[in-house]
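Please read them with the sequence and the coordinates open beside you.

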Amino acid sequence: MFNNNDKHPHLERLLKKSRSIDLDGSSRILILSDLHMGNGGRRDEFRHNAPLVENVMKRYYLPENYSLILNGDIEELFKFSLDTIVAQWRHIYELFLQFNEKGFFFRTFGNHDASLLDEKGYILAPFLLESLKLFYRTESILVFHGHQASVFLWETYPVVSRLIVWFLRYVAKPFGIRNFSIAYNSRRRFAIEKSIYDFSNRAKIVSVIGHTHRPLFESLSKVDYLNYRIEELCRAFPAAEKQNRDKIRDKISALKEELDACYKQGKKIGLRSGVYNTLTIPSVFNSGCAIGKRGITALEIDHEKIRLVYWYNGKQSRKYLSDRDSRPMRLDGTGYYRIILNEDHLDYVFSRLHLLA
Ligand SMILES: [Mn+2]
């Protein structure tokens, strides 16, 4: 299963040919993926979180001088035509473009919007790339959607994806064939993550992806992370003072509850499954998606730190647990909140990568 000779020609090519940008000590970048924007109707998966996305960009990330990278599957072209999407979400497109005024704006394509390569006059055409390389000192962070690592040809090649668009629009939909391409089981997800993990470790780079809709921080999924933290706290327990022991005990029971909830929802363990190795190399990050039922996850690069954050509507979401002792921050004048799920310095990430990979 663990094949060291396994080459990743697509990914090697991306690493070589990517356009690159130098980060400096004050760089701030927001990375979002998988918006799946549609026509504003009932089948539009973006519709539900559109006000949230609009508010956080307009009231937080733009005033805070962030640049923006949209990492693929921004439009849902398997179901809708580009014209209807742009007409529906013009105000959102205008916000995207504003990021290019103070900082930069780029968007990569994913499997659901690869056909944009053919669209002349597309509003974001000047910013459309397959991947982008961020240089941090001598280190590389490669940002790409992630479908390139799929073993399924229809996800990898734009030509094939165009055929799928045709199939879905003119055959599947009229004849009532549903969910042809979206059947994402956790095995497929895992295969993609694992393939990108192996590639990144071999190349000694960090990859930032989307596509699977599952947030990863330092290669850890939520379940992995909860397991890892419980283990860490159990180890700290015996040496702790009496009053700290109570705190640790409370924390462990809260984390266990969270973990049980994950297993009940059928969330499977990810890269830290122990099949391959027990040490986790922090080489893969995934921004998650912007179409979550309760909110959106995003990655931030901010002054040499990398963070996984969660934005949610305080009225509809339960209190969100963060083990990192971070408190939710309310976005002024709205009912929206941001919480930091995880955060580390890039120096830590790359030291660990070089020491362990
Ligand atoms: Mn995708």
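1. Of the 357 residues of the chain, 35% count as buried, and among contacts between residues at least 6 apart in sequence, 74% join residues at least 24 apart.

2. On confidence, the mean pLDDT of the chain is 86, with 82% of its residues reaching 70 or more. Residues 1-5, however, have a pLDDT below 50, and this stretch has 1 contact in the model beyond near neighbours in sequence. Over residues 178-183 the pLDDT likewise stays under 50, and here the model has 4 contacts beyond four places in sequence. Where pLDDT is low, the predicted coordinates should not be read in detail.

3. Leucine 30 belongs to strand 2, which covers residues 28-32. A residue is buried if 20 or more other C-beta atoms lie within 10 Å of its own, and leucine 30 counts as buried because it has 24 C-beta neighbours inside that distance. Leaving aside residues up to four places away in sequence, leucine 30 touches Tyr61, Tyr66, Leu68, Ala298 and Glu300. The C-alpha atoms of leucine 30 and isoleucine 69 are separated by 6.2 Å, although the two residues are 39 apart along the chain.

4. Helix 8 (residues 222-236) packs with helix 9 (residues 242-264) at an angle of about 155°, their axes being 10 Å apart. The two helices are therefore roughly antiparallel to each other, since angles over 145 degrees count as such, and their crossing is left-handed. Helix 8 contributes residues including Val223, Leu226, Ile230 and Leu233 to the contact, and helix 9 contributes residues including Ile248, Ile252, Leu255 and Leu259. By class, this contact has 11 nonpolar, 1 polar and 5 charged residues.

5. Asparagine 65, in the loop between helix 2 (50-61) and strand 3 (67-71), has a phi near 60°, a positive value in a residue other than glycine. Asparagine 65 is exposed, with 12 other C-beta atoms within 10 Å. Histidine 303, in the loop between strand 10 (295-302) and strand 11 (305-313), has a positive phi near 50° and is not a glycine either. Histidine 303 is partly exposed, with 13 other C-beta atoms within 10 Å.

Conventions
Residues are numbered from 1 along each chain as its sequence is written. This is a predicted model: local features need pLDDT of at least 70, side-chain atom pairs count only at pLDDT 80 or more; totals for chains, interfaces and linings use all residues. Helices (H or I, at least four residues) and strands (E, at least two) are DSSP runs, numbered from the N terminus. Two residues are in contact if their C-beta atoms, placed from the backbone, lie within 7 Å. pLDDT is the predictor's confidence in each residue, from 0 to 100. Axes are lines fitted to C-alpha atoms, for helices over the stretch in contact, and angles run from 0 to 180 degrees between N-to-C directions. Angles under 35 degrees count as roughly parallel, over 145 as roughly antiparallel, 65 to 115 as roughly perpendicular and the rest as oblique. A crossing is left-handed if the near helix is turned anticlockwise from the far one by less than a right angle, and right-handed if clockwise. Ala, Val, Leu, Ile, Met, Phe, Trp, Tyr, Cys and Pro count as nonpolar, Asp, Glu, Lys and Arg as charged, and the others, Gly among them, as polar.
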